[in-house]
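Subject: Structure for you to look at

Hello,

Here is the structure I said I would pass on. My notes follow below it.

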Amino acid sequence: MELELSSAERHAADHATVSRVIRSRRSVRHYLPDPVPDSLLQELVELALEAPSSFNLQARSVVVVAGEQGRKALTAATGGQPHPQEAPVTLVFVAESGAWREDRDDIWEQARDSGAWSERFAADLPGAARAFYEDPRRAGLEREFAVKDAMIAASFLMIAAHAAGLATSPMNGWDEAEVKEAIGIAGRDDLHIALLLPLGRPAETRLHPGRRSSAMTLHRETYGR
Ligand SMILES: Cc1cc2nc3c(=O)[nH]c(=O)nc-3n(C[C@H](O)[C@H](O)[C@H](O)COP(=O)(O)O)c2cc1C
């Protein structure tokens, strides 16, 4: 006979699992060559795209680089670091800073058709988004705002991948022009590289490098001690 879990028990089990997965994830720099099955890769990217985004504009995309030529180009763009070289796949998170100016009617239509947003809300949102983004544009922050969407998606992917037994390593160390060239967007000023994320089966075990205690980094009500 199957035991029915109460809602509280389900939350407790989910919480314990998510907590364990988050606490045990590490950035891994050496990988086995085993390919990541396509269906799992697809699922992980879809989980990443479940991440929230400003105005639901989804100002980010993911480029999956698994071919030899692309991996070589990304390895060169990172100055020859081992992880993009060894990992069977590197995900490139692209920030789309022009998203708020583009026609993204499919987004509003989807939310309206599913009933998630009222007709009125869906009709008003494109204008509200454009009005909101004028300030960041004037302040030169369009890129920064799109990078927020990309980074939160990358974070979702790191957690989902670790839960599936795969490793990742977020990377900042690359030449942006070379990465853009490698993924076919050289010269696109509206697209930016937020993060490279090698993905694959780990070939090493990393220890937790530690975190500052929350006594130093958790502030209440105002910043400061
Ligand atoms: C935005 C970002 C960029 C990073 N860039 C690199 C990188 O270029 N190369 C690298 O080896 N590790 C990189 N790391 C990994 C960090 O060194 C690592 O997250 C940190 O030491 C904490 O270790 P942990 O992820 O295992 O907890 C990066 C991490 C983040 C969040």
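Among contacts in the protein between residues at least 6 apart in sequence, 84% join residues at least 24 apart; two residues are in contact if their C-beta atoms, placed from the backbone, lie within 7 Å.

This is a predicted model, in which local features need pLDDT of at least 70 and side-chain atom pairs count only at pLDDT 80 or more, while totals for chains, interfaces and linings use all residues. Residues are numbered from 1 along each chain as its sequence is written.

The protein has nine helices and four strands (DSSP runs, numbered from the N terminus: H or I of at least four residues for helices, E of at least two for strands). Their order from the N terminus is α-α-β-α-α-β-α-α-α-β-α-β-α. Along the principal axes, the C-alpha atoms fill a box of roughly 55 × 50 × 50 Å.

Of the 225 residues, 28% count as buried. Buried means 20 or more other C-beta atoms within 10 Å of the residue's own, exposed means 12 or fewer, and partly exposed lies in between, with C-beta atoms placed from the backbone.

- Phenylalanine 55 has 20 other C-beta atoms within 10 Å, so it is buried.
- Glutamate 221 counts as exposed because it has 5 C-beta neighbours inside 10 Å.

Regards
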